[in-house]
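Trainee: I would like to go through this model feature by feature. Please give the general idea each time, then the case at hand.

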Amino acid sequence: MVGNGADHRADVVVVGAGPAGSSAAWHLAQAGLDVAVLEKAEFPREKVCGDGLTPRGVKALQDMGVDTSSADWPRRRGLRVHGGGRVAEVDWPRLSSWPDHGLVRTRRDLDAQLAGHAAAAGARLVTGTTVGEPLLDDAGRVAGVRAVAGEDREPVTWRAPLVVSAEGLSGRLAKSLGLLRRTDRPLGVAVRRYVRSRRSDDNYLDIAFDLTAQGPTRDAMPGYGWIFGMGDGTANVGYGLLDTRRGTGADRKAILRRWLDTFPAEDGLGEDDAVSPLRGAGLPMALSRGPAYTRGLLLAGDAAGTVNPCNGEGISYALESGRMAAEVVADALTEPAGERREAVLQRYPVLLRDQLGRHHRLGLGFLALLARPAVVRLAAARGLRRPALADAALRLMGNLTDGRDGDALDRALAVLLRLTPAT
């Protein structure tokens, strides 16, 4: 552990060792840079999440050289969608650009493995270190961070010409620079727990828009419930809803409990089957904090609000934004400090918008439709009867297409995205 008043240096400091931070650190280390990753917790640690990875997330892991072939990474074939009084099993699309399967892995295990993967690539992983504020130079530019380390909370300073914030929703560094979350963008709120369930080895991930026997209701929309079998004798069960400032203020815990009570008792989804407490977390969506680069600070993952509004998916976009931030940083550090370096760094917010903004804009429209229970009921009832429509919806919501190189559906989706303005 570092000592009192210790002063450290690195080429890049990454704050937070979740998927975004570990992705950024791994890619930076691969580029030959000296990168320090500061994480306030010790691994393994809990993180509220659905624990499911879509094919998009699987590809991001594969691009990082993470081996997901072992039994520690249970594969899932697709989604079992409940809506409009109907249930349909929809396989992940078979595309040339994406894997044909999803995965499940608890964030307790996933985050620890990704942090270790970054460390094995050469990143310096420093746990038990809580970052409090940015270190600013005379020009007001971020030149590192101030932190406290260990149980004694000894002050430490980490200096670097560039800092990547992967702190999550709290985003202390961003707030210190006046980068606040945009209140005109949605904030999801999710609750989840683990239960001992016979659904643990289910080959499909359950997604439900019908959260009562009567189908979608205003109190439960826009939102959905999930049951993700974890392959270890348990299932992750949860429910996501837009922030109550945009909803009715309904009790999300009660909604989850009433929905799970609609399943047979032998499925093991009830209160008596719980093996963990119910925990909640916020889901910042649609690039809700920005600019994603300013004055030596880049935002990645939840710190930038990269959660997909279409489906609440966050892991894959955290991994992708970490990679994009790392690539821009690596390019920038080949330039001398000054205008040329700044010009490279300014590409990062543009890159995020180009890669994610249009799909997130579609997601905002999707959320507007979800706010209307009658529309959800009708669309689900009709769509789940038609496999082609269900496949199209899965590709669109999951942002999974081959683009203009794909089939007619992919080409149509490519046109739709091209005509959609970025968030």
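Mentor: Start with the element names: helices (H or I, at least four residues) and strands (E, at least two) are DSSP runs, numbered from the N terminus. This is a predicted model, in which local features need pLDDT of at least 70 and side-chain atom pairs count only at pLDDT 80 or more, while totals for chains, interfaces and linings use all residues. Residues are numbered from 1 along each chain as its sequence is written, and side-chain values use heavy atoms, with hydrogens and water left out.

Trainee: Which residues does a cis peptide bond join, and where is proline 291 placed?

Mentor: Most residues other than glycine have a negative phi, and most peptide bonds are trans. Here glycine 290 and proline 291 are joined by a cis peptide bond with omega about 5°. Proline 291 sits in the loop between β18 (279-284) and β19 (293-294). Another cis bond runs from phenylalanine 43 to proline 44, with omega near 0°, and proline 44 belongs to the loop between β3 (35-38) and β4 (52-53).

Trainee: What is phi of arginine 153, and what is phi of asparagine 399?

Mentor: Phi of arginine 153 is near 55°, a positive value in a residue other than glycine. Asparagine 399 also has a positive phi, near 55°. Arginine 153 is in the loop between β11 (142-149) and β12 (154-159), and asparagine 399 in the loop between α10 (387-398) and α11 (408-419).

Trainee: Is asparagine 399 buried or exposed?

Mentor: The classes are buried (under 20% relative accessible area), exposed (over 50%) and partly exposed (in between), with a 1.4 Å probe and protein chains only. Asparagine 399 is buried, because its relative accessible area is 13%. Arginine 153, at 52% relative accessibility, counts as exposed.

Trainee: How many salt bridges are there?

Mentor: A salt bridge is a side-chain nitrogen of Lys or Arg within 4 Å of a carboxyl oxygen of Asp or Glu. By this rule the count is 28. In one of them, arginine 124 pairs with aspartate 34, and the closest N and O atoms are 2.9 Å apart. That pair links distant parts of the chain, 90 residues apart: arginine 124 is in strand β9 (residues 124-126), aspartate 34 in the loop between α1 (19-30) and β3.

Trainee: Which residues does the salt-bridge network include?

Mentor: Begin with aspartate 267 and arginine 199, whose side chains meet in a salt bridge (3.1 Å, N to O). Aspartate 267 is buried, and so is arginine 199. Salt bridges that share partners join Arg80, Glu89, Arg198, Arg199, Asp202, Asp206 and Asp267 into one network.

Trainee: Which residues gather in a patch of positive charge on the surface?

Mentor: Patches are made of residues with over 30% relative accessible area and no salt bridge; like charges are joined within 9 Å, nonpolar side chains (Val, Leu, Ile, Met, Phe, Trp, Tyr) within 5 Å. Accessible areas come from the Shrake-Rupley method with a 1.4 Å probe, and for residues only the protein chains shown count as cover. Lys and Arg count as positive and Asp and Glu as negative; His and the chain ends are not counted. A charge is placed at NZ of Lys, CZ of Arg, CG of Asp or CD of Glu. The positive patch gathers Lys40, Arg153, Arg172 and Lys175. A negative patch on the surface holds Asp72, Asp109, Asp201 and Asp232.
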